[in-house]
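Q: Please take a close look at the places where the chains of this complex touch, and then at the parts of the chains behind those contacts. A single connected account is enough.

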Amino acid sequence: MTNEELKSRITALNPGATYEEGGEWLNVVVSPDSWASLAASLRNEKDLDFNYMFCLTCVDWKTHLTMVYHLFSFTHKHTIVVKAKLDTKQPVIGTVCDIWRTAEFLEREVYEMFGVHFDKHPDLRLLILPDGWEGKNPLRKDFEDPINMIRL
Amino acid sequence: MWSFSKIADFIHEFLGSYLNSTWTMIAEMVIAGVAVIGLFALLGLVLVIMERKVSAWIQIRLGPNRVGPKGMLQSLADTLKLLVKEAMTPGGADKFLFNLAPYIAMIVAMLLMAPIAFAKDFQLWDLNIGVLYITAVSSISVISILMAGWASNNKYSLLGAMRSGAQIVSYELSAGLAILTIIIFTGDLQVSEIIKSQADGWWIFKGHVPAIVAFIIFIIAVTAETNRAPFDLAEAESELTAGFHTEYSGMKFALFFLAEYVNVFIVCAIGATLFLGGWMPLHIGHWTGFNHVMDYIPSSMWFFGKTFFLIFVIMWFRWTFPRLRIDQLLNLEWKYLLPLSMLNILLATAIAILGWHF
Amino acid sequence: MFITKYIKDVFGALKSLGVGMKRTLYYFTHHKEIITEQYPDNRETMHLPERFKGEVVMPHDEKNEHRCTGCTACELACPNGTIKVVTKFEITPEGKKKKAIDKLVYHLELCTMCNLCIVACPSDAIKMAQTFEHSVYDRNELTKILNNPGSKIMDGVE
Amino acid sequence: MFEEIGTNAEGDMMINMGPQHPATHGVLHLVITLNGETIKKVDPHLGYIHRSIEKMCESLTYRQFIYVTSRMDYLSAHINNHACAMCVEKGMQIEVPGRAQYIRVIMDELTRIASHELWWGAMSMDLGAFTPFFHSFRERETINDIMEETCGARLTMNYMVPGGVMNDIHPNFQRRVKEFIQLYKRKIHEYDELITGNVIFQNRMKGVGVLTAEQVISYGCTGPVARGSGVSCDVRKWWPYEVYDKVEFNEVIETGGDSFARYLIRMKEMDQSIRIIEQLIDNIPDGDFQAKTKAVLKLPKGEFYSKVETARGELGVYIVSEGGTTPYRIKFRSPGFSNLSILHDMAKGGKIGDLIASMGTLDLVIPDIDR
């Protein structure tokens with residue numbers, strides 16, 4: 001599907017979606033509440049069939065956090081980028097690890113690195129950071145570690 | 001010609017001229033014990049350096065080449081290191097069993113030394129059920145491994161011990177059946193008699209197909225019984241770190257290590273005795289000239305040559321093959337080796353009854 | 001048939017094992033194939049390629065002169081803060097003040113040999129040396145001053 | 001730090017495999033729940049070599065951050081650097097000269113062979129065969145020597161820079177690569193003799209750690225792991241970069257889905273890499289090895305994503321730029337991370353030996369997973 005077709009298809013699924021210009025692929029911005037249901041239809045609708053999530057990450061924009069999902073379909077060979085803006089204080093978004101299994105580990109990573117809470121995630125524990133690290137999120141821009149971080 | 005039996009006779013006469021018969025007996029036993037312990041230490045040193053050199057050459061390396069001429073004293077240096085290392089007992093371990101296990105491994109290996117004929121008329125104890133004794137005593141070694149694994153209070157050790165228990169118990173069967181093939185041919189359990197029956201040819205040549213099959217099964221089974229790769233599941237390095245001796249260090253570890261190598265030596269000696277004629281020189285039919293030349297090689301050379309060849313084969317296995325999985329290991333025994341050796345025994349019996357063997 | 005398959009299996013298995021054993025026996029008997037390098041015995045014969053990145057050095061000529069202008073391009077290029085350029089002002093014969101390096105401090109313990117400083121240097125003052133035995137007993141010895149004491153900048157290097 | 005790990009509520013044995021364990025190749029820590037020898041659950045605990053490379057990169061300029069990525073998947077350091085350089089080039093719209101493209105691809109393929117050689121040796125060692133490790137290192141050393149001559153380092157080369165490569169190839173480079181190809185062709189059949197054909201090995205690998213195509217895609221596995229289950233996902237074919245669209249090579253796909261399929265993929269991939277190198281090595285065009293770039297690189301505001309095929313799978317580099325000299329946020333989508341997440345599904349129900357075998361075929365490099 002071309003980007004235009006994808007656009008109209010996604011608007012039909014999620015009327016609140018907006019689109020960002022620029023970038024290689026179609027950038028869709030959705031609200032965090034509607035993401036989980038949109039994700040299910042992106043995966044399950046026959047003409048979309050985004051079966052491969054190749055990147056899941058988060059960006060800290062100081063004022064807000066943005067979840068970024070890169071999706072690709074092996075059957076239709078199209079790519080989209082879905083973004084969801086989250087609140088810095090209480091970032092909550094629905095999990096997609098039942099749709100794409102790879103999200104389970106990636107969401108755990110985002111949880112510890114950015115403090116994003118994933119609703120209904122079956123096993124939201126620290127993955128990389130040592131036990132007892134909760135609360136400090138290393139990849140946030142306001143994270144400070146005077147011992148281990150060397151500023152040039 | 002230099003031979004062990006003359007030395008033994010000399011010692012016997014020498015002691016007999018000074019002491020009465022009881023004390024002679026006791027003195028000879030002490031000498032034998034010291035000799036066995038000495039042989040143990042020597043075998044450990046020689047086999048370790050041999051293993052290291054064999055592995056190095058197979059792996060296109062040089063191997064130990066720093067200590068002594070061509071690295072020949074390397075294992076001596078290793079022994080020194082192990083001697084001065086601290087022997088630790090982990091907390092929570094069953095101290096008594098933990099410390100006892102390596103000694104049991106050693107004692108089993110020492111007991112097995114008794115009926116082996118190292119040269120012509122040179123044998124510690126030529127008991128009339130020699131082969132039965134060997135099969136009976138060698139099964140005790142599993143106890144030491146189970147003991148070590150259980151007493152260590154370590155899960156890897158326990159897993160290793162359990163694996164090894166299953167493994168040794170099952171492979172005992174085919175090893176026993178392979179030995180039985182030769183006993184069917186000879187009709188005697190005494191080691192000296194078995195060797196004597198091979199004066200005109202070794203059983204591996206005389207016994208047709210059954211002897212060859214039995215020999216192959218025997219080699220596979222004893223490799224498994226001594227926990228050597230590809231059957232080293234008890235200490236599977238990449239799976240269980242070091243298996244049953246994970247928690248052992250210093251001299252206690254060295255005892256397990258030594259026992260392993262001595263066990264290898266013993267099973268190879270048994271293999272050489274049963275299938276390759278022990279100290280008997282290679283005799284071919286009526287080639288009297290050839291047979292005479294062979295007779296000039298001392299009997300001890302024949303024995304050690306054959307044994308070390310078999311040891312090399314077992315080392316060669318270790319450095320070539322990957323390891324089996326535990327269920328495959330048991331499959332190999334129960335689905336392939338055991339039926340095969342049973343068939344083989346039937347065949348051997350038929351041949352023995354019909355007198356087809358030479 | 002079951003029996004033929006069974007026998008075929010056994011023989012196929014034995015053959016595959018034999019092939020492997022033949023290969024290892026080949027290496028066991030052919031000692032020419034041994035590839036062991038007996039470092040450090042072979043130090044004399046060991047050859048390191050001229051591009052090998054061992055450590056950063058500053059070549060000096062026989063008049064104890066180097067080519068460093070103290071422009072701090074290397075310091076800026078370094079990702080780890082390995083290089084610190086300490087400059088001073090020298091009075092040229094004409095009476096003008098001129099910037100020159102006092103010390104070029106190089107922290108070998110921080111260096112990742114990424115070659116970025118060498119690429120960044122506009123006057124080819126530093127280069128990579130082909131040394132690699134950097135172990136010392138005291139960590140402070142790894143902090144090096146690259147310019148020789150009393151050295152000065154080569155004529156004609158700006 | 002660690003909870004007391006003994007048995008769980010159901011009475012199953014829980015065992016710590018790693019962080020110091022011979023089969024985890026580094027500092028992977030798996031907490032395994034066992035019922036006898038049968039695995040019920042594998043729970044990876046990561047982070048023993050976490051250096052927060054993503055955070056580090058936020059304070060490094062676009063020229064500097066490339067060297068850090070060599071330390072992620074150190075076995076395919078070149079390819080990691082390539083991905084980062086490509087992402088910066090994409091943002092800056094730098095045209096890479098043809099010579100540099102050829103050199104990059106040859107280097108990538110050499111790295112891939114070196115990585116697979118090491119994997120072959122290490123995986124055989126996991127299965128208890130020690131000899132292959134030394135045999136594979138003999139060939140790998142040759143590649144390392146070639147790298148050392150041209151790049152100046154054996155493992156973490158930092159040879160790729162935005163706009164091309166750092167130095168021109170060494171005058172001996174072409175000759176030595178051809179020599180290596182000869183050596184490789186002479187020796188590769190020994191690998192099959194030693195391990196591939198071995199009945200013990202085949203029994204250990206066949207039918208072990210079976211993955212279906214759906215599972216693999218859902219878990220985001222790439223590289224030989226996905227191709228072993230019949231999923232075509234080679235970035236070099238799907239999104240060709242540099243000169244991969246000009247060379248002929250096959251994407252190796254096996255449909256078995258088991259460990260043996262993954263094993264075969266890597267063995268055949270080495271042959272394909274040799275094929276690519278053979279096509280390129282004599283045809284390196286003349287010209288610059290580096291495009292003219294500004295001294296200070298500034299990416300325009302926006303988001304850039306580039307992906308390459310490393311020896312382990314698809315490596316993605318996602319750069320968010322605010323228009324400055326350093327990336328605002330950088331994310332490395334590492335192949336090992338996704339490949340590790342499937343380990344539980346792979347090992348469940350198998351024996352400990354199966355876990356080792358299937359973990360070996362995942363070809364995990366822990367710094368790549370932890371970053």
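A: Two residues are in contact here if their C-beta atoms, placed from the backbone, lie within 7 Å. This is a predicted model, in which local features need pLDDT of at least 70 and side-chain atom pairs count only at pLDDT 80 or more, while totals for chains, interfaces and linings use all residues. Residues are numbered from 1 along each chain as its sequence is written, and chains are lettered from A and ligands numbered from 1 in the order in which they are written.

On that definition, 21 residues of chain C meet 21 residues of chain D. Two elements of chain C give two or more residues each to this side, helix 1 (2–29) and helix 3 (116–120); helices are DSSP runs of H or I with at least four residues, strands are runs of E with at least two, and both are numbered from the N terminus. Helix 1 of chain C provides the largest share, eight residues. By class, the side of chain C that touches chain D has 12 nonpolar, six polar and three charged residues. Nonpolar here covers Ala, Val, Leu, Ile, Met, Phe, Trp, Tyr, Cys and Pro, charged covers Asp, Glu, Lys and Arg, and the others, Gly among them, are polar.

Chain D also touches chain B, with 24 residues from chain B and 27 residues from chain D in the contact. At least two residues of the side of chain B come from each of helix 7 (155–186), helix 11 (237–240) and helix 15 (326–354) of chain B. That side of chain B divides into 11 nonpolar, five polar and eight charged residues. Five pairs of chains are in contact, and the pair of chains B and D shares the most contacts. Chains A and B, by contrast, do not touch, and their nearest C-alpha atoms are 24 Å apart.

Confidence comes next. The predictor assigns the complex an ipTM of 0.84 and a pTM of 0.87. The mean pLDDT (the predictor's confidence in each residue, from 0 to 100) is 83 for chain C, where 97% of the residues score at least 70. For chain D the mean is 85, with 98% of the residues at 70 or above. Within chain C, strand 1 (residues 55–57) has the highest mean, 87, and strand 7 (residues 152–153) the lowest, 75.

Helix 2 (residues 21–58) and helix 12 of chain B have axes that come within 9 Å and cross at roughly 90°. Helix 2 of chain B is therefore roughly perpendicular to helix 12 of chain B. Axes are lines fitted to C-alpha atoms, for helices over the stretch in contact, with angles from 0 to 180 degrees between N-to-C directions; under 35 degrees is roughly parallel, over 145 roughly antiparallel, 65 to 115 roughly perpendicular and the rest oblique. Helix 2 of chain B contributes B:Phe40, B:Leu43, B:Gly44, B:Leu47 and B:Val48 to the contact, and helix 12 of chain B contributes B:Leu258, B:Tyr261, B:Val262, B:Val264 and B:Phe265. Nine of these residues are nonpolar, one is polar and none is charged.

Helix 12 (250–275) of chain B also packs against the buried residues of helix 5 of chain B, as do helices 4, 6, 7, 8 and 10 of that chain. A residue is buried if 20 or more other C-beta atoms lie within 10 Å of its own, exposed if 12 or fewer, and partly exposed in between. In helix 5 (residues 130–138) of chain B, the buried residues are B:Gly130, B:Val131, B:Ile134 and B:Ser138. Because they cover an arc of only 100° around the axis, they are on the same side of helix 5 of chain B.

A few single residues complete the account. In chain C, a cis peptide bond with omega of about 5° joins C:Tyr39 and C:Pro40, and C:Pro40 lies in the loop between helix 1 and strand 1 of chain C. C:Asn115 has a positive phi of about 75° although it is not a glycine; its place is the loop between strand 4 (97–107) and helix 3 of chain C. C:Asn115 is buried because 24 C-beta neighbours lie inside 10 Å. In chain D, D:Asp363 is also not a glycine and has a positive phi, of about 55°.

Definitions and conventions:
The arc is that of the directions from the helix axis to the C-beta atoms.
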